[in-house]
Amino acid sequence: MKKKKKKTKITKKFLKVRVKNALKKREHIKTYRPSLPVVQSWFRTLNRALFNRKLTEPMMEVKRLVGDWGRCCADWDNRKCRKGTYDQNVIPYTQASITYSLEIHCKFPSWKDFIETLAHEMVHLYQMQVIEDPYSNHNQNFYSFKSRFKTYGLTLHR
């Protein structure tokens, strides 16, 4: 039992160092364009570091977004039911067939903006998958991750 605890401490420390080193190494990068494999790889790293592997990997897409750098989407009716069947602002977790997806913008001003955006959208995904927050917006559950982000050298903001 002690070996397992020690291993998780080492893993947490390794992940913290990896994220901080990546931030330092890439701080000079301007206009970063992520690829899908990079997004998926960093999703797995941040999932282990910030969320204790509680997130299941959703469908991800890198594309041009207007007005956003990232989006976390939950699709529970697949547009097969009449419009207005569900309140679109409240996610019905009693539905068995909710599919999640992350959309990330194809161009960022810096690498740090990319990582912080991905982590931000992962917090929304955590709200949906783990906490089952019916609103999954910028509320108290969302900002409870602020101190955890700070330990990894990231900032969590709207």
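Modeller: Start with helix α3, which gives the most to the lining of the largest pocket: six residues. Bear in mind that this is a predicted model.

Colleague: Which elements each supply at least two residues of that lining?
Modeller: β3 and α3, the latter spanning 111-131.

Colleague: What volume does the largest pocket have?
Modeller: About 320 Å³.

Colleague: How many residues line the largest pocket, and which lie nearest its centre?
Modeller: The lining has 15 residues. Nearest the centre are W69, T117, H120, E121 and R158.

Colleague: How do the lining residues divide into nonpolar, polar and charged?
Modeller: Three are nonpolar, six polar and six charged.

Colleague: Switching to rings. How many aromatic pairs does the structure hold?
Modeller: Nine. One of them joins W69 and F108 edge-to-face, with 5.6 Å centre to centre and 75 degrees between the planes.

Colleague: Which parts does the pair of W69 and F108 tie together?
Modeller: W69 is in the loop between β2 (59-63) and β3 (70-75), while F108 is in strand β5 (residues 108-110), so the pair ties together parts 39 residues apart in sequence.

Colleague: Is F108 buried or exposed?
Modeller: F108 is buried, at a relative accessible area of 1%. W69 is partly exposed, at 38%.

Colleague: Which residues do ring pairs link into a cluster?
Modeller: Y32, W42, W69, F108, W111 and F114.

Colleague: Where do R18 and R26 sit?
Modeller: R18 lies over the face of W42, 4.9 Å from the ring centre. R26 has its charged end over the ring of W111, 4.8 Å from the centre of that ring.

Colleague: On to helix α2. Which of its residues are buried?
Modeller: In α2 (residues 36-51), the buried ones are V39, W42, F43, T45, L46, N47, A49, L50 and F51. W42 also belongs to the ring cluster.

Colleague: What follows α2?
Modeller: N52, with a positive phi near 55 degrees.

Colleague: Last one. Where is the place of K146?
Modeller: K146 is in helix α5, residues 146-151. K146 is partly exposed, with a relative accessible area of 46%.

Colleague: How far apart are K146 and H157 in sequence and in space?
Modeller: Eleven residues in sequence. In space, 8.2 Å from C-alpha to C-alpha.

Technical notes
Residues are numbered from 1 along each chain as its sequence is written. This is a predicted model: local features need pLDDT of at least 70, side-chain atom pairs count only at pLDDT 80 or more; totals for chains, interfaces and linings use all residues. Side-chain values use heavy atoms; hydrogens and water are left out. Rings of Phe, Tyr and Trp (its six-membered ring) pair if their centres lie within 6.5 Å; planes under 30 degrees apart count as stacked, over 60 as edge-to-face and the rest as tilted. Helices (H or I, at least four residues) and strands (E, at least two) are DSSP runs, numbered from the N terminus. Buried means under 20% relative accessible area, exposed over 50%, partly exposed in between (1.4 Å probe, protein chains only). A charge sits over a ring if NZ of Lys or CZ of Arg is within 6 Å of the ring centre and within 35 degrees of the ring normal. On a 1 Å grid over the protein atoms alone, a cavity is a set of points where a 1.4 Å probe fits but cannot get out, and a pocket is an open set with protein on both sides within 12 Å along at least five of seven lines; lining residues have an atom within 4 Å of a point. Grid points are joined across faces, edges and corners, and a volume is the space filled by probe spheres set on the points. Ala, Val, Leu, Ile, Met, Phe, Trp, Tyr, Cys and Pro count as nonpolar, Asp, Glu, Lys and Arg as charged, and the others, Gly among them, as polar.
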